[in-house]
Amino acid sequence: IRHTNKTKLLINNTETVDWMICKNEVDALLVEANLIKKHRPFYNVLLKDDKTFPFIRITKETFPKVEIIRSKNLIKDDNIYFGPYTDTGYLRNILKILHKAFKLRTCSFYMDNKTIKAGKHSICLDFHINKCDGPCEGHISKHNYNIMINQVIKFLKGDSSSIKRQISKYMQEASNNLEFE
């Protein structure tokens, strides 16, 4: 076997080899990333930066946000997390699909019934281009918005059948109303 100079040096300087058994590939990736960040081995340059694997977070708000986060230590809070994802491009595609299938809010401010009633938020561009149902102005009820969020959670847990039915229903309604665009 032909090795690079770096690999030859690594082999010559290795005294022992330890291994760990993990439940699945995701756990193995997380363990590897955490050990590399902790010990910062000389020969491993790939995971020496401070980046961590991204997660999808569904916030615990009156009108929850669905967003991508990177966090070294997930706080034990009431938010719902999915991940970690090793392929960021794939993760961004998942979020695009979710935002096309559901009119989820993308605004960054905290939103609850008090701030909505006080009129602290104004309608954003997403509402005007039909990408958001406008919870900031009370255009969708908390109940209906949370039905959407529950469908998103089902999808992220792997149950896509209800979403397929919902999208087919929307398509049929649009077709019946001659809304082909």
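Glu67 is buried, with a relative accessible area of 19%. Buried here denotes under 20% relative accessible area, exposed over 50%, and partly exposed in between (1.4 Å probe, protein chains only). The model is predicted: local features need pLDDT of at least 70, side-chain atom pairs count only at pLDDT 80 or more, and totals for chains, interfaces and linings use all residues. Residues are numbered from 1 along each chain as its sequence is written, and side-chain values use heavy atoms, with hydrogens and water left out.

Glu67 is found in strand S2. Strands (E, at least two residues) and helices (H or I, at least four) are DSSP runs, numbered from the N terminus. The side chain of Glu67 makes a polar contact with the side chain of Arg57, at 2.6 Å. A polar contact is a pair of N or O atoms within 3.5 Å; within protein, one must be able to donate a hydrogen and the other to accept it, and residues adjacent in sequence count only if both atoms are side-chain atoms. With neighbours within four places in sequence left aside, Glu67 is in contact with Phe55, Ile56, Arg57, Thr59 and Leu95. Contact means heavy atoms within 4.5 Å.

Arg57 and Glu67 also form a salt bridge, their closest N and O atoms being 2.6 Å apart. Arg57 lies in strand S1 and Glu67 in strand S2, so the pair ties together parts that are ten residues apart in sequence. A salt bridge is a side-chain nitrogen of Lys or Arg within 4 Å of a carboxyl oxygen of Asp or Glu. At 22% relative accessibility, Arg57 counts as partly exposed.

The structure holds three salt bridges. One of them joins the side chains of Lys65 and Glu61 (3.9 Å, N to O). Lys65 counts as buried at 11% relative accessibility. Glu61 is buried too, with a relative accessible area of 12%. The side chains of Glu61 and Arg105 meet in a salt bridge at 2.9 Å, N to O. Glu61 lies in the loop between S1 and S2, and Arg105 in the loop between H3 and helix H4 (113–117), so this pair ties together parts that are 44 residues apart in sequence. Both Glu61 and Arg105 are buried. Through shared partners, salt bridges join Glu61, Lys65 and Arg105 into one network.

The strands come next. Three of them form an open sheet in the order S2-S1-S3, with antiparallel pairing. S2 and S3 are the edge strands, and each pairs on one side only. Neighbouring strands of this sheet are turned by 35 degrees against each other on average, direction ignored. Axes are lines fitted to C-alpha atoms, for helices over the stretch in contact, and angles run from 0 to 180 degrees between N-to-C directions. Two strands pair if DSSP finds at least two bridges between them.

S1 (residues 54–58) is mostly covered, with four of its five residues buried. S1 and S2 (residues 66–70) pair in the antiparallel sense over five bridges. Ile56 has Ile68 as its bridge partner in S2. Ile58 has Val66 as its bridge partner in S2. S1 and S3 (residues 80–82) are likewise antiparallel, over three bridges. In S3, the bridge partner of Ile58 is Ile80.

Two helices lie across these strands. Helix H3 (residues 88–101) lies across S1 and S2 and runs at about 165 degrees to S2. Helix H6 (residues 142–156) lies across S1, S2 and S3 and runs at about 150 degrees to S1.

H6 has 15 residues. From first C-alpha to last, H6 reaches 21 Å, close to the 21 Å expected at 1.5 Å a residue. The expected span of a helix is 1.5 Å times one less than its number of residues. Tyr145, Met148, Ile149, Gln151, Val152, Ile153 and Leu156 are buried in H6. The buried residues of H6 pack against S1, S2, S3, H3 and helix H7 (161–176). Gly158 follows H6, and its phi is positive, near 105 degrees.
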